[in-house]
Amino acid sequence: MFKKILAGAAAALVMTTSFAADMTGAGATFPYPIYAKWAEGYKAATGNGLNYQSVGSGAGIKQIKAKTVDFGASDMPLKADELEKEGLMQFPAIMGGVVAVVNVDGVTPGQLKMTGPVLADIYMGKITKWNAAPIAALNPGVKLPDTDITVVHRADSSGTSFLWTDFLAKTSPAWKESIGSGTTVKWAVGVGGKGNEGVAANVQRIKGSIGYVEWAYAKKNKLSHTQLRNKEGVDLQPSDDVFKAAAANAEWTKAPGFGVVLTDGAGKQSWPITGVSYILMHKAQADVNKGKEVVKFFDWAFKNGAPAAAELDYVPMPATVVKQVQDAWKANLKDASGKAIM
């Protein structure tokens, strides 16, 4: 069933019943596979469903601001002033990694090595051939074809793009100066795909292409990922262990709204493009039952969702952070009269 859920570029998770407490959410495609899996388990356990639209972080932020969904999801944390202005609370739900994926003849999954500066030059159109000297220097002994590189990027407003461009900006001064980071940027070259699904589909279709997707999409679609060099100069393969290592030193309590960015972090075993997916909810809940159900869903996921997360190579939130999130729910989510809903 899970494979069927993931199939298709128009990924919209629809799990509804006649219960009034069914939830609606929209946003990031990065956590879509695990939210789909959790929704299956939660519906089986409670009978209540989730309608989550995998439309990208930017669209999810717009929808929660407009109050057309019960929660929004973004892989780029909102800053404290924006949260305050919109009357929103923000909490982390899951962590995972973003990987580079390629479609290059003769190159096997995990064989190719990449660095932030080389990726930045590829995405700026400065490196245009797969056998170019900077790529060859990183990959002695790998037979690289004399073929053009086709860059694939997100076409929508995307938290995955934020993580990708934030990493490139931290490792390439030229990228930082000319393009910068954000959920949307002015891409120098390439073709766009909507969602992680669209990028994955384009990379599968276009020979000589390179793109970036969440690790679960790379695995499920059998895409050829690359190694990636971290801040300590170590070339790593993606795995839940290196994602966990990247999150280990995060200072959650010092960041307003838990807004931690885990790109280019310290540690020899830290994956350099690790991301946190955030949930956005209005502090003043117009529909208390819906608000309670959203909290119950994520509380259930924190307590029961670790095996599914591990299966899909996501990283569950640490127990200490979960406790802080639970406290934040009690402190921030209120009904129309100002009474805590939990």
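The expected span of a helix is 1.5 Å times one less than its number of residues. That rule opens the first of these close-up views, all of them taken from a predicted model.

**View 1. Helix α7, a helix with a length you can check.** Helix α7 takes in residues 159-171. Because this helix has 13 residues, it should span 18 Å at 1.5 Å a residue, and the 19 Å between its end C-alpha atoms agrees with that. At the start of α7, look for serine 158: one of its side-chain oxygens comes to within 3.0 Å of the backbone nitrogen of threonine 160.

**View 2. How the rest of the structure encloses α7.** Here you can follow the helix residue by residue. Eleven of its 13 residues are buried, so α7 is largely enclosed by the rest of the structure. The buried set is Gly159, Thr160, Ser161, Phe162, Leu163, Trp164, Thr165, Asp166, Phe167, Leu168 and Ala169.

**View 3. Asparagine 196 in helix α9.** Asparagine 196 sits in helix α9, which covers residues 195-205. Is this residue buried or exposed? Its relative accessible area is 0%, so asparagine 196 is buried. Its side chain makes a polar contact, at 3.4 Å, with the side chain of threonine 160, itself one of the buried residues of α7. Apart from neighbours within four places in sequence, asparagine 196 is in contact with Thr29, Phe30, Arg154, Thr160, Tyr212, Val213, Glu214 and Tyr217. The helix around this residue is mostly covered too, with eight of the eleven residues of α9 buried. These are Gly195, Asn196, Glu197, Gly198, Val199, Ala200, Asn202 and Val203.

**View 4. Glutamine 227 in strand β11.** Strand β11 runs over residues 227-229 and includes glutamine 227. This glutamine counts as buried because its relative accessibility is 12%, below the 20% cut-off. Which residues does glutamine 227 contact, leaving aside its neighbours within four places in sequence? They are Gly110, Gln111, Leu112, Lys113 and Met114, together with Asp235, Leu236 and Gln237.

**View 5. Two lysines, one in a loop and one in a helix.** Lysine 143 belongs to the loop between α6 (133-138) and β7 (150-154). With a relative accessible area of 75%, lysine 143 is exposed. Its C-alpha atom lies 8.2 Å from that of asparagine 131, a residue twelve places away along the chain. Lysine 292 is partly exposed, at a relative accessible area of 30%. It touches Ile341 and Met342, if residues up to four places away in sequence are not counted. The C-alpha atoms of lysine 292 and leucine 333 are 9.1 Å apart, and 41 residues separate the two along the chain.

**View 6. Two aspartates with a positive phi.** Most residues other than glycine have a negative phi. Aspartate 264 has a positive one, near 55 degrees. You will find aspartate 264 in the loop between α11 (240-248) and β13 (274-282), where it is buried at a relative accessible area of 12%. Phi is positive for aspartate 313 as well, near 65 degrees. Aspartate 313 is in the loop between α13 (306-311) and α14 (319-332), and its 9% relative accessibility makes it count as buried.

**View 7. Leucine 312 in the loop between α13 and α14.** This loop holds leucine 312 as well as aspartate 313. Leucine 312 is buried, with a relative accessible area of 3%. How far apart in space are leucine 312 and glycine 180? From C-alpha to C-alpha the distance is 30 Å, and the pair are 132 residues apart in sequence.

**View 8. The second largest pocket.** This pocket holds about 190 Å³ of space. Its lining draws on Ile64, Lys67, Val69 and Asp70, and also on His282, Ala284, Gln285, Ala286 and Asp287. Sorted by class, four of the lining residues are nonpolar, two are polar and three are charged.

Note on methods:
Residues are numbered from 1 along each chain as its sequence is written. This is a predicted model: local features need pLDDT of at least 70, side-chain atom pairs count only at pLDDT 80 or more; totals for chains, interfaces and linings use all residues. Side-chain values use heavy atoms; hydrogens and water are left out. On a 1 Å grid over the protein atoms alone, a cavity is a set of points where a 1.4 Å probe fits but cannot get out, and a pocket is an open set with protein on both sides within 12 Å along at least five of seven lines; lining residues have an atom within 4 Å of a point. Grid points are joined across faces, edges and corners, and a volume is the space filled by probe spheres set on the points. Ala, Val, Leu, Ile, Met, Phe, Trp, Tyr, Cys and Pro count as nonpolar, Asp, Glu, Lys and Arg as charged, and the others, Gly among them, as polar. Helices (H or I, at least four residues) and strands (E, at least two) are DSSP runs, numbered from the N terminus. Buried means under 20% relative accessible area, exposed over 50%, partly exposed in between (1.4 Å probe, protein chains only). A polar contact is a pair of N or O atoms within 3.5 Å; within protein, one must be able to donate a hydrogen and the other to accept it, and residues adjacent in sequence count only if both atoms are side-chain atoms. Contact means heavy atoms within 4.5 Å.
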